[in-house]
Structure formats: structure tokens, C-alpha cells
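Hello,

Here is the structure we talked about handing over, and below it I have set out what was found in it. Please read the text with the model open beside you.

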Amino acid sequence: MSSPKKATTEPHVIKEELIASGKWVKLEKTTYVDPSGSTRTWETAKRTARVADSAADGVSIIALLKRTLHKDCVVMVKQFRPPMECNTLEFPAGLIDDNESVETAALRELKEKTGYKGEVVGITPVTCLDPGLSNCTTQMVMVHINGDDSENINPTQQLEFVEVILLPLDEFQQKIDELLQKEKIVVDSKVYIYAMGMSQAFFKPRELPVLKQ
């Protein structure tokens, strides 16, 4: 005999109650109904600065520096992150301002963080960052940088404590792994997933899978 099917309910949030709030982040108690119909609570972290008409909190920029007679390089930033208590390796990123499009935000953040001026060539849908903890969202923006342009030969950053690191695209994961061996640094998960994808694309583009017997 088959077991009886459990009654299912469309999960939904009932209410959100503020626990604590700071300048940039707030903590809420979220009361919701799960698929079994049970009422539960969750602690949810949220940004306080999300723009009202924006579906995403911010942008992360995958910027490729293209120069004559040079390998394409991914433009990365290294900076100290207090919650991690160490430096992190990340894509340039930042929050979307009022009345600002995703494209404009990405190019502004790229200029501020790295000094480079680029051209947007692709944008992802809105993606979540850590859905078990927060409702924070981002859009990944692909940008190409003409490294032969006079503005991009010796770019000037606007932020003092951000170090720009250029890593060759065809050795991206290898160079990250080498950096991890040299110093105490944590890599943003988006960065390492992209690196793994690039490794597959460059080194196993037509390899057919052979499963162990």
C-alpha cells in the first residue's frame, strides 16, 4: 500500500517584526507558514538601504581587461572585510543608488573601485546571495575594458584601501589557488565558482564523460 499523501500548503510569510536595526543592516523575526501548514519563525538579516524601485540591492562586476598582445585578465579587488577578520578576494561590487540603472551602477562602481572605464556587455537576472540568512540580492554585470584606451593605461582608483589585482582568465583558478597559498585571504564564493567554470571551459571543452564501472 502506498502511504497517504501529506497535505501541502503554499509557503508564505505572515509577518516580519524588527528585532534590531543599525545604519546599514537590520535583523527581523520572520513568521511564515511552511509547506506542511505549520507556522514557524526565522531570523532574517536585511539591508536598510535598498532602493525602493530596484529589485536588487547591488551589482557585482565581472570585468575583463583586454589589451593588445596581452592575455585577457579578470579585474579583481582585495580588501579587508571586518566580518571575515581578514582580506577577501572579490569582484568589484557595490550598492545601487537612487534613480540609478544596473548598468550605470556597475560602471560607477568599477570606476570607483579600480579606476577602469568599461562597457557593459551582459547582465544576469536578480540573484540571491545567502538566502538562508538574508534577502540580499545582486545582479552580475559583465564588462569589457579596452586596456589600450588612454584612460585605462594608468587607471586611478577613488578608494584608498582597495587593492586591484589582475588575474589571467585562462589561468584564473590556478592563480587564485596560488594566492591562497601565499597569504591569509578568503575568496568570495561567486569568484571561485566562476574560476571553476572557466577552468572547465578552457581545458575540457569537448571532453566526453567516461563513467567508472
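The C-alpha centres of domain 1 and domain 2 lie 31 Å apart in this predicted model; the domain assignment, which is automatic or taken from a database, gives domain 1 as residues 12-47 and domain 2 as residues 58-202. Where the two are in contact (heavy atoms within 4.5 Å), 6 residues from domain 1 and 6 residues from domain 2 take part.

A note on how to read the values: residues are numbered from 1 along each chain as its sequence is written, and side-chain values use heavy atoms, with hydrogens and water left out. As the model is predicted, local features need pLDDT of at least 70 and side-chain atom pairs count only at pLDDT 80 or more, whereas totals for chains, interfaces and linings use all residues.

Domain 1 and domain 2 bury about 500 Å² between them, 58% of it on carbon and sulfur atoms; this buried area is the accessible area (1.4 Å probe) that two parts lose on being put together, summed over both. Across this interface the rule finds 0 salt bridges, a salt bridge being a side-chain nitrogen of Lys or Arg within 4 Å of a carboxyl oxygen of Asp or Glu.

The structure as a whole holds 21 salt bridges. Among them, Asp 170 pairs with Lys 71, with the closest N and O atoms 3.4 Å apart.

Best wishes
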